[in-house]
Amino acid sequence: MNLPEINTSLFKRLRFILVETSRPGNIGGVARAMKTMGFSDLVLVNPRFPDALTDAEAVAFASGAQDILSGARIVGSIAEALEGCNYAAAVSARLREFSPPVTAPRAIAAQLAAGADLHAAVIFGNERFGLPNEIVEQCNVLINIPANPEYSSLNLSQAAQVVAYECRVAALGDGQMSSPVGFHGDAASLAQVDGMYAHLEQALVAIDFLDADNPKKLMPRLKRLFSRTGLETEEVNILRGIARHILAVAKKGP
């Protein structure tokens with residue numbers, strides 16, 4: 001019998017839960033934050049206004065992430081919101097005397113990405129009052145964003161963006177693709193680079209910038225400089241062209 005394929009991607013395993021949100025714009029902002037980072041599972045617990053997912057302000061702040069709002073669910077309790085989850089992380093700027101272990105977004109993101117069996121939820125509280133202690137105490141960890149201690153209050157959607165970003169980075173890991181924007185040439189071979197150094201050295205000697213009898217550390221320092229750049233074939237050719245022109249001018253003389 002062929003078993004159905006199980007999607008273990010963190011993008012499918014992570015849920016965002018908003019508890020008693022007061023402003024519809026914040027719900028839209030969280031939806032936008034989630035979509036920009038590739039997440040889609042949004043649950044609201046007792047939002048404090050009617051039509052939370054269709055409110056004009058929520059739609060406006062979602063700014064193209066209306067599909068996240070359309071797919072979101074509204075429930076009456078945190079227990080309902082956590083159905084199907086086996087791990088919960090509360091997000092709060094306020095530390096409690098009795099709370100689960102405190103962690104940072106980057107650390108929890110790495111843990112969630114590595115744990116393919118973790119179906120996790122990150123829980124955000126009301127804008128003014130945060131999360132009640134009874135919810136925090138039910139969670140496995142408390143996420144504290146290391147913000148400026150003199151002003152650590154993040155907007156709800158900003159906090160969601162930070163967590164979503166760290167989870168995206170952790171989920172992609174080494175699979176992150178370099179940007180396709182811009183020209184990416186072939187890396188120069190060692191032989192090409194060595195030939196360029198020899199050509200450049202000749203040019204520097206020809207214009208008396210380098211004393212062949214007392215070269216000191218000039219060429220080793222130039223090699224160290226260029227080794228940090230990751231030279232491409234075309235760049236080596238340009239530098240050799242410059243050296244060729246210098247030699248031609250030096251040969252002609254004044």
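Reader: Is Glu57 buried, exposed or partly exposed?
Author: A residue is buried under 20% relative accessible area, exposed over 50%, and partly exposed in between (1.4 Å probe, protein chains only). Because the relative accessibility of Glu57 is 25%, Glu57 counts as partly exposed.

Reader: What pLDDT do local features need in this model?
Author: Residues are numbered from 1 along each chain as its sequence is written, and side-chain values use heavy atoms, with hydrogens and water left out. This is a predicted model, in which totals for chains, interfaces and linings use all residues, side-chain atom pairs count only at pLDDT 80 or more, and local features need pLDDT of at least 70.

Reader: Which residue forms a salt bridge with Glu57?
Author: A salt bridge requires a side-chain nitrogen of Lys or Arg within 4 Å of a carboxyl oxygen of Asp or Glu. The closest N and O atoms of the pair are 3.3 Å apart, and the partner of Glu57 is Arg23.

Reader: How many residues apart in sequence are the parts that Glu57 and Arg23 tie together?
Author: Helices (H or I, at least four residues) and strands (E, at least two) are DSSP runs, numbered from the N terminus. Arg23 is partly exposed, since its relative accessibility is 47%. Glu57 forms its salt bridge with Arg23. Glu57 belongs to helix H3 and Arg23 to the loop between S1 and H2, so the separation in sequence is 34 residues.

Reader: What is the N to O distance in the salt bridge of Asp67 and Lys35?
Author: Both residues count as partly exposed, because Asp67 has a relative accessibility of 44% and Lys35 one of 38%. Their side chains meet in a salt bridge with an N to O distance of 3.0 Å. The pair ties together parts that are 32 residues apart in sequence, since Asp67 lies in helix H4 and Lys35 in helix H2.

Reader: What distance separates the C-alpha atoms of Leu118 and Tyr87?
Author: Leu118 is located in the loop between helix H6 (105-114) and strand S6 (120-124), and it counts as buried because its relative accessibility is 15%. Contact means heavy atoms within 4.5 Å; apart from residues up to four places away in sequence, Leu118 touches Arg13, Asn86, Tyr87, Gln111 and Leu112. Leu118 and Tyr87 are 31 residues apart along the chain, and their C-alpha atoms are separated by 6.4 Å.

Reader: In which helix is Asn26 found?
Author: Asn26 is buried, since its relative accessible area is 11%. Its contacts, neighbours within four places in sequence left aside, are Thr21, Glu127, Asn155, Leu156 and Ser157. The helix spans residues 24-37 and is H2.

Reader: What is the relative accessibility of Glu166?
Author: Glu166 is placed in helix H8 (residues 156-172). Leaving aside neighbours within four places in sequence, Glu166 is in contact with Pro105, Arg106 and Ala109. Glu166 counts as buried because its relative accessibility is 11%.

Reader: What is the phi of Glu20, near how many degrees?
Author: Most residues other than glycine have a negative phi. Glu20 lies in the loop between strand S1 (14-19) and H2, and it is partly exposed because its relative accessible area is 30%. Its phi is positive, near 50 degrees.

Reader: Where does Ser63 lie?
Author: Ser63 is not a glycine, yet it has a positive phi of about 50 degrees. It counts as partly exposed because its relative accessibility is 43%. Ser63 lies in the loop between helix H3 (56-62) and helix H4 (66-71).
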